[in-house]
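Q: Could you walk me through this structure, feature by feature? I'd like the general idea each time, then the actual case.

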Amino acid sequence: MTTDTLSDRILKGERRALARAITLVESQRADHRAEAASLLDQLRKSGRQAVRIGLSGTPGVGKSTFIESFGMFLTGQGLRVAVLAVDPSSARSGGSILGDKTRMDRLSRDPNAFIRPSPSQAHLGGVARRTREAVSLCEAAGFDVVLIETVGVGQSETVVAEISDLFLLLLAPAGGDELQGVKRGIMEMADLILVNKADGDLRPAATRTCADYSGALRLLRKRPQDPDGYPKALMVSALEEAGLTKAWEDMTSLVTWRRENGFWDRRRADQARYWFEQEVRHALLSRLETSQAQAELERLGSGVASGALSPTTAAKQMLTKLAQA
């Protein structure tokens, strides 16, 4: 299938064409990379935009359950929803389970939803390297909301914030005190903190956790891209589908305010520049994978190991070789 045909089918909203295009952009083959770049250039002309929502949280906090309940809520509002779920890859075998479609059984059968799990392939930051391009494909296919689920992450994996318009942090009840809430990193990147599992016996603990984080957010320095009252902490229950309406109302209010005040376009421009710089860095690092570079690394590495060269001197010699190549 040519990129022109694939582009036309994606613009018509064909799910199979979208899945095929995501497979293409995730490929590492040089010819596939060239085709993917051509396809993305064609689709960029459509000018379609979706609300990109990044979702992060520790393993077991209920991200998949929340996404299914929230996705069903959005499709019930007449919106088309795409879910890009990133699964951790094994450090030993390189494989991934990719079981998010199984977890989101109801949403996977909804005609207005599209779910695509992808392996992280040891890429740091909580998302796969080509997730950004997959988001662009989903926008071109006419989806109104793109949900980006990260792998279970800690406090420093914030790359998803460079892909999304809204960044949601999901927390479990009794997941920390107010001091935990003022720690830098992922906490200060969040636009909304959602305390999940606010149901049954866990509801009192969820209420305390929400209050702790609400207080902590007031201590953080106000960001220019936030109106009064943001970021904020809310309680939700993915199991009982409670609090979803309030969360969506707050999300749409924040999106509307940012669009009206110029922060939406500015943020998208900053993100495009960030990914341009990341592509340049990755291309430079890939030059280390050539046979000549590997041989030079081995030679200099042996010198460092034997004590004949210092790491700093060896690194300088390696960089000089790369610059001359």
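A: Helices (H or I, at least four residues) and strands (E, at least two) are DSSP runs, numbered from the N terminus. With those labels, Glu241 sits in the loop between E7 and H11. Before we go on: this is a predicted model, where local features need pLDDT of at least 70, side-chain atom pairs count only at pLDDT 80 or more, and totals for chains, interfaces and linings use all residues. Residues are numbered from 1 along each chain as its sequence is written, and side-chain values use heavy atoms, with hydrogens and water left out.

Q: What is the phi of Glu241, and how do I read it?

A: Most residues other than glycine have a negative phi, and most peptide bonds are trans. Glu241 is not a glycine, yet its phi is positive, about 55 degrees. Lys197 also has a positive phi, near 65 degrees, and its place is the loop between strand E6 (192-195) and H10. For the peptide bond, look at Tyr230 and Pro231: the bond joining them is cis, with omega about -5 degrees. Pro231 is in the loop between helix H10 (203-219) and E7.

Q: Is Glu241 buried, exposed or partly exposed?

A: Buried means under 20% relative accessible area, exposed over 50%, and partly exposed in between (1.4 Å probe, protein chains only). Glu241 has 41% relative accessibility, so it counts as partly exposed. Lys197 is partly exposed too, at 30%.

Q: What is the strand order in the open sheet?

A: Pairing comes first: two strands pair if DSSP finds at least two bridges between them. Here seven strands make an open sheet in the order E3-E2-E4-E1-E5-E6-E7, with parallel pairing. Its edge strands, pairing on one side only, are E3 (113-119) and E7 (232-235). From one strand to the next, the twist averages 20 degrees.

Q: Which strands does helix H7 touch?

A: Contact means heavy atoms within 4.5 Å. Axes are lines fitted to C-alpha atoms, for helices over the stretch in contact, and angles run from 0 to 180 degrees between N-to-C directions. Helix H7 (residues 131-140) packs on the sheet and touches E1, E2 (81-87) and E4 (145-149); its direction makes about 165 degrees with that of E2.

Q: How many aromatic pairs are there?

A: Rings of Phe, Tyr and Trp (its six-membered ring) pair if their centres lie within 6.5 Å; planes under 30 degrees apart count as stacked, over 60 as edge-to-face and the rest as tilted. The count here is six. One of them is Phe70 with Trp248, edge-to-face at 5.9 Å centre to centre and 65 degrees between the planes. Phe70 lies in helix H4 (residues 63-76) and Trp248 in helix H11 (residues 244-260), so this pair ties together parts 178 residues apart in sequence. Phe70 is buried at 0%, and so is Trp248 at 14%. Phe66, Phe70, Phe73 and Trp248 form one aromatic cluster.

Q: How many disulfides does the model have?

A: A disulfide is a covalent bond between the sulfur atoms of two cysteines. The rule used is a pair of cysteine sulfur atoms within 2.5 Å, and the count comes to zero. Cys138 is buried at 0% relative accessible area, and Cys210 is buried at 10%.
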